[in-house]
Amino acid sequence: MNTATIWRTTLAQLDTTSIDDLTKTWLQDAHLIELTAEALHDIAPGAAEQDLLAFALQVPNDLAGDIIETRWQQLLEDILKDVLGQPVILIVRPSAHAAPVPETTPPIHEQERESQQAPRTGSQSRSHHAAPHNNHNNNAYYDNIPRPPTQSEFSYASPETLEDWENEQRANMLAHNRLNPRYTFDAFIVGNSNRLAHAASLAVAEAPGESYNPLFLYGGVGLGKTHLLHAIGHQGVQTGLAVLYVSSEQFTNEIVNAIRYRTTEEFRAKYRSVDILLVDDIQFIAGKESTEEEFFHTFNSLYEMSKQIVICSDRPPKAILSLEERLRSRFEWGLIADIQPPDLETRMAILRVKADLLHYHVPDEIIAYIAGRVQTNIRELEGCLNRLMAYQQLHRIDLTMDVARSAISSLGTDNREPTLNSLQIAQAVADYYHISLEAMCGKQRDKYIVTPRQIAMYLIRQETSTSLLEIGQLFGGRDHSTVLHSCEKIDRTINVNQTLRREILAIRDQLMRE
Ligand SMILES: Nc1ncnc2c1ncn2[C@@H]1O[C@H](COP(=O)(O)OP(=O)(O)OP(=O)(O)O)[C@@H](O)[C@H]1O
């Protein structure tokens, strides 16, 4: 895909409903430019060390740069990541600075002057450093790249300043809390795998600090923990609360910098002035002594003030081995809710919602096909849908099952195809209905044999590229029109017969597990 296509695909997937008209125009006029590793290294050395694809987004003017960077950068990076299947860093630059040539670092007093104009918050820091009119500050693109303390940070000590600063912090958090606008409760599909986590998150969002405090959510990669965290945040923001979302990595970087530049007062004030603190990937603080210590005090002071704390992790508190005992026990005070990998129906529902959000019409059988392919990571599931859309649009062809197969297998995600063959499917169907494979593939016409046979034909047609003729041969030498008729019959019936649909989903689920 060239960068123009990547950008077009990204724009197609951006839910523009919440974007104002002016920004939409800027985004339409923007150009995506791929950055070489060298250029990225000069702009953001810390980022260059990570395995990221880097792009500069050339936008029409400084104001566009400011707004897109502050409000939409994260979302654009997320979508680009989905489109490309790889983490992406996006550097927003107004056109005057668009060429991916790094600029030299300005004298330090210039940085100080800029820093004094707007106090830094965790949520703002990236945008502040990378402000488009001073691209040199992209050198400090990530918070973990130490920067010299500014005058405003050193002079921050008297209670009066603290109070002003706190008010400003709250206002900033409301305006720039970096919550992903797509991660709302409305956009979250509830199934058995995430019901408890969803209900608990909703309860916390409705009465922060009152129901479960802390709420500890855990589950595997890409299962919706961050989504729920943001959804709680959005609801808090809507009710005028100060919400702070932070990854434990950011928290660690901030505390390291605060210690280094003696700004721990500022750090503490920031974290203790929030109404809802949302911390992602808490497992990463384990074993980091100063971070754990600081988090312990932050936790206590928010808890004592009945402020809500929500924490996410990839494992339950007990399994975070090097975590200090006093923190572990605090994490267990409230409610611990897990998120399990979604079942096939939930995966299909998620895909349906995501496709609808993209205004992308995807036939049910293709939704089922993708949901069957990706079982444990919803991010990957979305990635497949995005790639399918890009593939179809690039080739300008109708979306058929064959197109879906080639799109997904050509992108290397369909790693099950070679191992899933007709015979396996037939065997799985026979096992499910407790009949013998021989009977199912034979001539018998009893109903208890005929229906499984038709289901097996239907599934083989869906899951493999076996031709109608070959399927017919497998099932006692039936001709291709009989096979086609059977497949069409099952296709029609599952739309009206819930039991049959569930049975087929269960067989498919079982097959994918094997
Ligand atoms: N139940 C769901 N309904 C709709 N979308 C979902 C659901 N669960 C996850 N997603 C989507 O899947 C993607 C990955 O989710 P998210 O980033 O929240 O996962 P995570 O559990 O935080 O992963 P990680 O451990 O990698 O941080 C997001 O785009 C999110 O919107």
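**Note on the predicted model and its ligand site**

1. By class, the shell around the ligand holds eight nonpolar, six polar and four charged residues. The model is a predicted one. In total, 18 residues surround the ligand. Ile-189, Lys-225, Thr-226, His-227 and Glu-382 are the closest.

2. His-227 uses its side chain, where an N or O atom is 2.7 Å from an oxygen atom of the ligand. Arg-379 also contributes a polar side-chain atom, 2.9 Å from a ligand oxygen. On its own, the ligand has 630 Å² of accessible area, and the protein covers 93% of this.

3. Which elements give two or more residues to the shell around the ligand? They are helix 11 (225–238), helix 16 (344–357) and helix 18 (378–395).

4. Next, the aromatic pairs. The count comes to 11. Take Phe-251 and Phe-267: their ring centres are 5.3 Å apart and their planes stand at 65°. The cut-off for edge-to-face is over 60 degrees, so this pair is edge-to-face. Phe-251 belongs to helix 12 (residues 248–260) and Phe-267 to helix 13 (residues 264–272). The two are 16 residues apart, and the pair links distant parts of the chain. Both Phe-251 and Phe-267 are buried.

5. Tyr-303 and Trp-333 form a pair with ring centres 4.9 Å apart. Their planes lie at 50°, so the pair is tilted.

6. Cys-441 has 15% relative accessibility; buried means under 20%, so Cys-441 counts as buried.

7. Helix 17 (residues 364–373) has 10 residues, and eight of them are buried, so this helix is largely enclosed by the rest of the structure. The buried residues are Ile-366, Ile-367, Ala-368, Tyr-369, Ile-370, Ala-371, Gly-372 and Arg-373. Note that Arg-373 is on that list.

8. Ser-201 lies in helix 10 (residues 195–206). Its relative accessibility is 0%, so Ser-201 counts as buried. A polar atom of the Ser-201 side chain is 2.7 Å from the backbone oxygen of Ala-197. An α-helix has 3.6 residues a turn, so residues three or four places apart point the same way.

9. Most residues other than glycine have a negative phi, and most peptide bonds are trans. The peptide bond from Asn-213 to Pro-214 is cis, with omega near 0°. Pro-214 is in the loop between helix 10 and strand 4 (215–219).

10. Arg-262 is not a glycine, yet its phi is positive, near 50°. Arg-262 falls in the loop between helix 12 and helix 13. At a relative accessible area of 71%, Arg-262 is exposed, because the cut-off for exposed is over 50%.

11. Ser-306 is another non-glycine residue with a positive phi, about 55°. The loop between helix 14 and strand 7 (308–313) holds Ser-306. With 45% relative accessibility, Ser-306 counts as partly exposed.

Methods. Residues are numbered from 1 along each chain as its sequence is written. This is a predicted model: local features need pLDDT of at least 70, side-chain atom pairs count only at pLDDT 80 or more; totals for chains, interfaces and linings use all residues. Side-chain values use heavy atoms; hydrogens and water are left out. A residue is near a molecule or strand if one of its heavy atoms lies within 4 Å of it. A polar contact is a pair of N or O atoms within 3.5 Å; within protein, one must be able to donate a hydrogen and the other to accept it, and residues adjacent in sequence count only if both atoms are side-chain atoms. Accessible areas come from the Shrake-Rupley method with a 1.4 Å probe; for residues, only the protein chains shown count as cover. Helices (H or I, at least four residues) and strands (E, at least two) are DSSP runs, numbered from the N terminus. Ala, Val, Leu, Ile, Met, Phe, Trp, Tyr, Cys and Pro count as nonpolar, Asp, Glu, Lys and Arg as charged, and the others, Gly among them, as polar. Buried means under 20% relative accessible area, exposed over 50%, partly exposed in between (1.4 Å probe, protein chains only). Rings of Phe, Tyr and Trp (its six-membered ring) pair if their centres lie within 6.5 Å; planes under 30 degrees apart count as stacked, over 60 as edge-to-face and the rest as tilted.
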